[in-house]
Amino acid sequence: MSDAQVIIRPLKTADIPGVVEIFCEQFPDLSWTRLGRNFIDKFIGWHFKYHPDLALVAEQDQRLIGFIVGATGSHREYYYQVLRDAFPEFLAGSILHPWLIFKSSFWTLWLEFLRGRRSPGKRPKDIGMSKTGEKKGILCFVAVTKTAQGLGIGTSLKQAFESAASQAGIQVLSSYTEIKNVAARRLNEKRGWKQVREDKRHKIVYFSKRLDKRS
Ligand SMILES: CC(C)(COP(=O)(O)OP(=O)(O)OC[C@H]1O[C@@H](n2cnc3c(N)ncnc32)[C@H](O)[C@@H]1OP(=O)(O)O)[C@@H](O)C(=O)NCCC(=O)NCCS
C-alpha cells in the first residue's frame, strides 16, 4: 500500500467497473456474484441511478480500493427494486447457473422478488418510511480490496456513509452480515451499531444504528 492520501467521495459512472471488480473479489460466494458480472454491473448502476447520495468509494493514487452502497427503505423493498430493475440479467443468470438452485439465499432472492410483485410497484425514491414516520435506510454492501484491508478504510467509508445518510434525512440504518464475518462485525461495533437479532438458521446477524444529526 502506498502512503498517498485515501479519498472518500461519491461514486461516479466511470467507477462502476472498478466497483464491480472489488465486489466480485470480495463476495465471490454470494448468489448475486454467481449470477454474473452483468448482474453486478446492473445492480451497482441501480445504486448510482436511485441512491447516488448513498454510494461512496475510497480512492488512492487514482485507484479504487473500496466502496459502500445503501438505499432507503427495508431490505425486502431493496431486493424487489433491484431485481425488478435487473430482471433480464437476473433471469439470464438463473438460467445459465441452474445449480444455484441448491443455494438457499438464491431461493430467497426469487421469493422476495415474487412477493414484492404482489404489492403495488413503488419507485425507489418513494419508499423508506416506517410505520412511526421515521425514515429508514439500509447499508447494503461495504468492501475494501484485499491489499487495503485492516488500515481503517472500512471505518472511514462507514463514517462517511452515516453522514451521507443523515444528510439525506435517514434516521435509522440497518444492515446484516454473516455471523462468521468477524471484520464486518467489529467494524459495526466500532461505529456504534447495535446487534438487534441473530438468525442462527441462516447464520446471519442483524445490526441497527439510530443516526443523530451530527453523525
Ligand atoms: C469488512 C471490511 C469492509 C472492513 O474493512 P477494513 O478496511 O479492513 O476495516 P478497518 O481497517 O476499518 O477495520 C475495522 C475494524 O475491524 C477490525 N478488523 C478488520 N479486519 C479484521 C479481520 N480480518 N479480523 C478481525 N478484525 C478485523 C479492525 O482491527 C478494526 O477494529 P479495531 O480498530 O478495533 O482494530 C473488509 O474486511 C472487507 O471488505 N471484507 C469483505 C467484504 C465484507 O465482508 N463486507 C461486509 C459485509 S457487507
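Is Cys140 buried or exposed, going by its relative accessibility? At 14%, Cys140 counts as buried. Keep in mind that this is a predicted model.

**Cysteines**

Cys24 falls in the buried class too, with 13% relative accessibility. A disulfide is a covalent bond between the sulfur atoms of two cysteines. Here the sulfur of Cys24 has its closest cysteine sulfur in Cys140, 17 Å away, so a bond is ruled out by distance. The cut-off for a disulfide is 2.5 Å between the sulfur atoms.

| Cysteine | Relative accessibility | Closest cysteine sulfur |
|---|---|---|
| Cys24 | 13% | Cys140, 17 Å |
| Cys140 | 14% | Cys24, 17 Å |

**Inside**

The largest nonpolar core holds 38 residues, and Trp32, Ile40, Phe43, Phe67, Tyr78, Phe90 and Phe141 have the most contacts inside it. Among the elements giving two or more residues to this core are helix 1 (16-26), helix 3 (37-50), strand 3 (63-72) and strand 4 (136-144). Another core, of 18 residues, lies apart from it and includes Leu157, Phe161, Leu173 and Phe207.

What does Trp32 touch, leaving out residues up to four places away in sequence? Its contacts are Phe39, Ile40, Phe43, Tyr78, Tyr79, Val82 and Leu109.

**Outside**

Now for the surface. Trp99, Ile101, Phe102 and Trp107 make a nonpolar patch of about 500 Å². Phe102 sits in the loop between helix 5 (87-96) and helix 6 (104-118). With a relative accessible area of 74%, Phe102 is exposed, because the exposed class starts over 50%.

How values were computed: Residues are numbered from 1 along each chain as its sequence is written. This is a predicted model: local features need pLDDT of at least 70, side-chain atom pairs count only at pLDDT 80 or more; totals for chains, interfaces and linings use all residues. Side-chain values use heavy atoms; hydrogens and water are left out. Patches are made of residues with over 30% relative accessible area and no salt bridge: like charges are joined within 9 Å, nonpolar side chains (Val, Leu, Ile, Met, Phe, Trp, Tyr) within 5 Å. Accessible areas come from the Shrake-Rupley method with a 1.4 Å probe; for residues, only the protein chains shown count as cover. A salt bridge is a side-chain nitrogen of Lys or Arg within 4 Å of a carboxyl oxygen of Asp or Glu. Helices (H or I, at least four residues) and strands (E, at least two) are DSSP runs, numbered from the N terminus. Buried means under 20% relative accessible area, exposed over 50%, partly exposed in between (1.4 Å probe, protein chains only). A nonpolar core is a set of buried Ala, Val, Leu, Ile, Met, Phe, Trp, Tyr and Cys residues joined through side-chain atoms within 4.5 Å. Contact means heavy atoms within 4.5 Å.
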